Amino acid sequence: MPVTLNDIKSELSLAYFLAVVSHARGSILHPTRLADNMGIDVTAVWYESFPNGSLDELTIHFQLKATSTAYPAKKERFPLRLTRPQYDACRRKSRTPRIVLLLLLPSEKSCRSWLCQDHTQLLLKKCRTPFKTSLR
């Protein structure tokens, strides 16, 4: 079966996440199929002493999403449609925080410009994650 544009978006969101967490000295845990069914794509863990001394480990579950839908004029609007089960999984009460990370990509017409790679660089460009909102 050929790789679809949605497959590419999904893989780019994971690559972006891995790069950011690794740069922030975090560890990545890939969940089981059951955790994936509960709305957890990946978990990030940081093992270190934090400035206020209250934590020496921080764990956060993430649901990774990517879209090339046009950025909305109103920033409070979430530019991604979730099914009711996806929405409920993302806002489930838990001791471990859950974050939906949305990677906004350029339009599908310019998908070849998302990623540039040669022997000197690997560059993911024209992407951003501008939304910070609660789903509860």
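I take helices (H or I, at least four residues) and strands (E, at least two) as DSSP runs, numbered from the N terminus.

**Ground rules.** This is a predicted model, so I keep in mind that local features need pLDDT of at least 70 and side-chain atom pairs count only at pLDDT 80 or more, while totals for chains, interfaces and linings use all residues. Residues are numbered from 1 along each chain as its sequence is written, and side-chain values use heavy atoms, with hydrogens and water left out.

**Fold.** I looked up the elements and got three helices and six strands. Read from the N terminus, the order is α-β-α-β-β-α-β-β-β. For contacts (heavy atoms within 4.5 Å), I took pairs at least 6 apart in sequence, and 51% of them join residues at least 24 apart.

**Surface.** I used Shrake-Rupley areas with a 1.4 Å probe, where for residues only the protein chains shown count as cover. The accessible surface comes to about 9,900 Å², with 53% of it on carbon and sulfur atoms. Buried means under 20% relative accessible area, exposed over 50%, and partly exposed in between (1.4 Å probe, protein chains only). On that scale, 28% of the 136 residues count as buried.

**Salt bridge.** My rule was a side-chain nitrogen of Lys or Arg within 4 Å of a carboxyl oxygen of Asp or Glu. The count comes to one. Arg84 pairs with Asp88, with the closest N and O atoms 3.2 Å apart. Both sit in helix H3 (residues 84–90), four residues apart, so about one helical turn separates Arg84 from Asp88. I also checked exposure: Arg84 is exposed at 54% relative accessible area, whereas Asp88 is partly exposed at 30%.

**Cavity.** Strands E3 (57–67) and E4 (98–104) each supply at least two lining residues.

Which non-glycine residue has a positive phi? I found Arg25, at about 65 degrees. Arg25 lies in the loop between helix H1 (5–23) and strand E1 (27–29), and is exposed at 69% relative accessibility.
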